[in-house]
Structures are given as structure tokens and as C-alpha cells.
Amino acid sequence: MRKLNDLTVSDMGLGCMGMSAFYGTSDEQEAIRTVHRAIELGCTFLDTAEMYGPHKNEELLGRALKDRRDEVVLATKFGIRPDPTSDEPNRRVIDGSPDNVRRSIEGSLQRLGTDHVDLYYQHRIDPNTPVEETVGALAELVQEGKIRHIGLSEAAPDTIRRAHAVHPITAVQSEYSLWSRDIEAEVLPTLRELGIGLVAYSPIGRGFLAGRFTNPEQELDEGDFRRSNPRFTGENLERNQLLAAKIRELAEEKGVTSGQLALAWVLAQGDDIVPIPGTKRVSYLEENWAALDVELTGSDLERIDAELPQVAGERYDRSGMATLNQ
């Protein structure tokens, strides 16, 4: 177990997004089997969001956790919703208004089939609503018992400080992996100064660091957003294959898989960091969980820092990057 501020969770969590959205086809029965197998293994920190689907992922978890709610620490997110002024079905807006906080939690509780959420994140910071107002509304939900802990996602250091001054922030969720280390400069030191935990999403680089892709356009389903992700396309793809090859070389020397090495690296960065690799299959879940048994020595970590090539490309497209570090 690890502690995110005052919230105790399993050493590793399970990102559930891909079970319902963004990663192509889905299989609900396999997804539910994956959730149940995670609980059996002790992986009891589950992560979802109202926008995954939208709503479908929370509904799936509600069905998977029927009669098992008390066995898990359940986290979900709010703040990204369909744009009511647009005819485009995939156009979204960021809304951190107190009214949306209240509206969102009621919907999430209903879909999840629970009376409370253990960790409730603001999915992206709304530049049009002061974070103090958003966190103030979240603090009211804590008082009412509808949420137990407050989190932020992809927030800038100053925003984190302002939010924490209103109500203690338990965790900040950000992408963090061997090819996404930008938070090390300012965000991670801020979290550690304030005693806030880090929840690391995409710790295997959306599967890329596991060495699973040579031609993503052919290997990924039509609806998989990674097909157009900057790091999975063009010259960036060619350069990042060198990064994946180096991880594979280091992993083979340790007698583990590439994905396990990538996860072990995140786990080794501190006990206040909890990775939440996402998967929709039992086999990948079990492989990921085994990374807890991988030990990286100080020399291993130094070698990784020295030999790993620089990542090529941004984490998201231009519109996605504009929502980060607010």
C-alpha cells in the first residue's frame, strides 16, 4: 500500500478508460473480468471519469462493482463535458463552475451505484473559473460525505498551491513515465513540499513503451486516438522506436518485459507516486501487476537516465496540449 497524502491506496491502480473509450473496440465482459481480477490481486485503486464514453465507463464500473463497492478505492473526474453550443458530437468544454461540480457528482454517483466517491478530481483546470471557487464547491461535497478526498489533474504549480489553500488536495494526477518527465521540474517538487501524492497515468506511454507497436496505423483499431497522437506518427514514431528498443534491451537484461521495466521505473521514483496503468484485458493486468516484484538498483536507474533517447513529439495534439498546466 502507498499513501496519497491521507488516502491509503494499493501500490498500483487500474486505469479503466480504455475499457469504454478512446482505445478502439471494447468487450464489457472481459473488462468486468479485468476489474474483478484486479481486486483479487490487491489492485484496488480504480480510476475513471465522467467523460470516458462519456458516462459509459462509470456505468460499466457501477455494474462491475455491484456488491463489491467496499473492496475498492474509487476515483473519478469531472469538468470536461460536451459543448452545448456545438453540433459536433465530440466537441467539449472545460467547466469548473460550482454548478457543474454539483451536477457532475450527482450523475457520477448514480452511474457508479454508490453514495460516495473516494477521490474526486477536477479533470482539467477551467481558465474561466477561479480554482478557489471550484475547490470551495468540492469542499462542500466533502462536508456532505459525497466525496472523501479532492484531487486535481494536469494542474500548474501555482494552481495547486491556490487550491490547497482552500482545502487540502490529496492527489494530483498527471502523465508521468519514461517518456513524459516534464513534471519533475516544478510540479513534483510542489507536490512534495505540500505533502500531496502523485497519481501517474499512462505510465507505459499508452502501451508504446511496452514495445507493442511498430506500425500503429495498421495495428490499432479505427477508433483508437493513438493513431493520430503526435508520438505515434511520422518521424516522431521512427525516433521513438529507438526509445522503445532501448527499454526492451534494458528489460531483457533484467529478465522482465518492457512494460514491467517502465512501471518499475515509475514505482522507484517515490512512495508518494502511484501509477495507474490502463488495460481492458486480464492478461495485461497480470503482467503489469508483476512489475511490483521488479527491483531496480541505483545503477539501473542511473543507466536508464544516461542511455534512454529523448522522446519525440508532444503528448497530445495542439488542442489537447492547450488544456495542460493551467
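A crossing of two helices is left-handed if the near helix is turned anticlockwise from the far one by less than a right angle, and right-handed if clockwise. In the predicted model described here, helix H8 passes helix H11 in a right-handed crossing. Helix H8 spans residues 234–254 and helix H11 spans residues 298–307, and the two pack at an angle of about 160°, with their axes 11 Å apart. Because this angle places the pair in the class over 145 degrees, H8 is roughly antiparallel to H11. On the side of H8, the contact is formed by Lys246, Glu249, Leu250, Glu253 and Lys254, which meet Asp300, Arg303, Ile304 and Glu307 of H11. By residue class, this contact of H8 with H11 comprises two nonpolar, no polar and seven charged residues.

Helix H8 also contains Leu242. With a relative accessible area of 56%, Leu242 is exposed, because the exposed class begins over 50%.

In helix H2, which covers residues 56–64, the buried residues are Asn57, Glu58, Leu60, Leu61, Gly62 and Ala64. These buried residues of H2 pack against helix H1 (28–41), strand S4 (45–47), strand S5 (73–78) and H3. The loop between S4 and H2 holds Pro54, and the peptide bond from Gly53 to Pro54 is cis, with omega near -10°.

Helix H3 comprises residues 98–112 and includes Ser104. Ser104 has a relative accessible area of 3% and is therefore buried, the limit for this class being under 20%. A polar contact of 3.3 Å links the side chain of Ser104 to the side chain of Glu50. When residues up to four places away in sequence are not counted, Ser104 touches Glu50, Phe78, Arg111 and Tyr120.

Thr129 is situated in the loop between strand S8 (117–122) and helix H4 (131–144). Its relative accessibility is 10%, so Thr129 counts as buried. The side chain of Thr129 makes a polar contact of 2.8 Å with the side chain of Asp126. Again with residues up to four places away in sequence not counted, Thr129 touches Gly96, Ser97, Pro98 and Thr134.

Glu154 is placed in the loop between strand S9 (147–153) and helix H5 (157–166). The phi angle of Glu154 is near 55°, a positive value in a residue other than glycine. Glu154 is buried, since its relative accessible area is 4%. Arg206 is located in the loop between strand S11 (197–201) and helix H7 (216–219). For Arg206, phi is likewise positive and near 55°, in a residue other than glycine. The relative accessible area of Arg206 is 7%, and Arg206 is therefore buried.

Conventions: Residues are numbered from 1 along each chain as its sequence is written. This is a predicted model: local features need pLDDT of at least 70, side-chain atom pairs count only at pLDDT 80 or more; totals for chains, interfaces and linings use all residues. Side-chain values use heavy atoms; hydrogens and water are left out. Helices (H or I, at least four residues) and strands (E, at least two) are DSSP runs, numbered from the N terminus. Buried means under 20% relative accessible area, exposed over 50%, partly exposed in between (1.4 Å probe, protein chains only). A polar contact is a pair of N or O atoms within 3.5 Å; within protein, one must be able to donate a hydrogen and the other to accept it, and residues adjacent in sequence count only if both atoms are side-chain atoms. Contact means heavy atoms within 4.5 Å. Axes are lines fitted to C-alpha atoms, for helices over the stretch in contact, and angles run from 0 to 180 degrees between N-to-C directions. Angles under 35 degrees count as roughly parallel, over 145 as roughly antiparallel, 65 to 115 as roughly perpendicular and the rest as oblique. Ala, Val, Leu, Ile, Met, Phe, Trp, Tyr, Cys and Pro count as nonpolar, Asp, Glu, Lys and Arg as charged, and the others, Gly among them, as polar.
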